Amino acid sequence: MAENNEIREASAVVGRTIGVLVLLTGILLAAHLCAAESPGSNRIPSIFKPHSTPAESIYHLSLFVLGITALIFLVVFSLLLYVVVKFRERSADGGREPAQVYGSTQIELAWTVIPILIVVVLFLATARVIHAIQDAPKPSTAVEVTVIGHQFWWEFRYPALGVVTANELHIPVSDPAHPTPTFLKLLSADTDHSFWVPQLAGKTDLIPNRVNEMWLDPHRTGIYVGQCAQYCGTQHAKMLIQVSVDSPEVFEAWVLAQKQGVANDDKEISGKRVFETTACVNCHAVSGTSAVGRFGPDLTHLMSRRTIASGAADNTADNLRLWIKNPDAVKPGSLMPSMKLSDAELDALVRYLVTLR
């Protein structure tokens, strides 16, 4: 009877260990299925579906590390299983302490040398990938963008193209035969941020008074979603990134449209007056007007963006009205103040902003 109890206890230990293994396998499988090819899959920020050269390098390194750690797990699990089953307490032992072994040169060398070799291999593999990504040459065809992190939105400036936008980064697709990578210069206007679009590249921090750099080399068009990966304040979780990877023709058309000035709509002159006579001009800029603020996003081509509030809401007239009337209703903790406008002023202002395309 006692021996049966011991067998049941050993079986329970083995069962729990197998359960943990099955759970880990299920988590990895679920992550892989979430990243499977499907319409809109680019909107799932997964490292398991890379579409850019830096992201592919990180992905393959991750598989290599996961393979080694999985092998270590299987070896340790097998040894643990063997010890639990073979050396379990038996009734014939009479409660005696088993023979003790003090020191084994072979075992001590093994558990010292093998981990050192594993760490060295992982270090060399990681260093190779870091070197390949960070020291990649910048071709003459590269697009250069200055990224400035704010609480809680992204500013994108294209110095060579004369374009300024916010939250939604447009870059051209890079044909392997004729590479057109995008090199990002990362700055911060206030506190620490981190630029991360998993399917395009790894994380890179934006730190005040420091310039960091990264590059993207996307191989497929589409919209890729990212996130500020460094806690930067109340609305850190809603500081989203959208990267629109366009074909060369679409990207060129977007640049030309962004360079166009604002078309004055005489029908919305009252809304323009509301905009220019309130505190909006202190934070925002609109080309061709007295608004030259830099604290908030440039609104010259506001309606060319899919979202407002750094991805917190779709860019519709109704959401825009709510955003202006009560910013906390869209993004609690945001630094945009409520303008306390009357309904008539608010309606006129929204009608004007909708013309900014």
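In the predicted model, I148 touches W153, W154, E155, R157, L187, S188, A189 and L206, residues up to four places away in sequence being left out, where contact means heavy atoms within 4.5 Å. I148 lies in strand 1 (residues 143-150), helices (H or I, at least four residues) and strands (E, at least two) being DSSP runs numbered from the N terminus. The relative accessible area of I148 is 12%, so this residue is buried, the classes being buried at under 20% relative accessible area, exposed at over 50% and partly exposed in between (1.4 Å probe, protein chains only). Although I148 and S188 are 40 residues apart in sequence, their C-alpha atoms are 5.2 Å apart in space.

Residues are numbered from 1 along each chain as its sequence is written. Because this is a predicted model, local features need pLDDT of at least 70 and side-chain atom pairs count only at pLDDT 80 or more, whereas totals for chains, interfaces and linings use all residues, and side-chain values use heavy atoms, with hydrogens and water left out.

The chain contains 9 helices and 12 strands, and buried residues make up 37% of its 357 residues. Of the contacts in the chain with a separation of 6 or more, 63% are accounted for by residues 24 or more positions apart. The mean pLDDT of the chain, pLDDT being the predictor's confidence in each residue from 0 to 100, is 86, and 87% of the residues reach 70 or more. Confidence is lowest in helix 1 (residues 2-34), at a mean of 54, and highest in strand 5 (residues 182-188), at 97. Over residues 33-41 the pLDDT is below 50, and this stretch has 9 contacts in the model beyond near neighbours in sequence. Where pLDDT is low, the predicted coordinates should not be read in detail.

R305 is placed in the loop between helix 6 (280-283) and strand 11 (307-308). This arginine is buried yet has no salt bridge, the nearest side chain of opposite charge, that of D298, being 4.9 Å away; a salt bridge requires a side-chain nitrogen of Lys or Arg within 4 Å of a carboxyl oxygen of Asp or Glu, and in assigning charge Lys and Arg count as positive and Asp and Glu as negative, with His and the chain ends not counted. Neighbours within four places in sequence aside, the residues in contact with R305 are T165, A166, E168, P297, D298, L299 and N315.

Two helices were compared with their expected span, defined as 1.5 Å times one less than the number of residues. The 30 residues of helix 3 (residues 105-134) should span 44 Å, which agrees with the 43 Å between the end C-alpha atoms. The buried residues of helix 3 are A125, V129 and I133, and they pack against helix 2 (53-86) and strand 8 (212-216). Helix 9 (residues 343-354), with 12 residues, reaches 16 Å from its first C-alpha to its last, close to the expected 16 Å. In helix 9, L346, A348, L349, V350, Y352 and L353 are buried, and the buried residues of this helix pack against helix 5 (269-276) and helix 7 (317-325).
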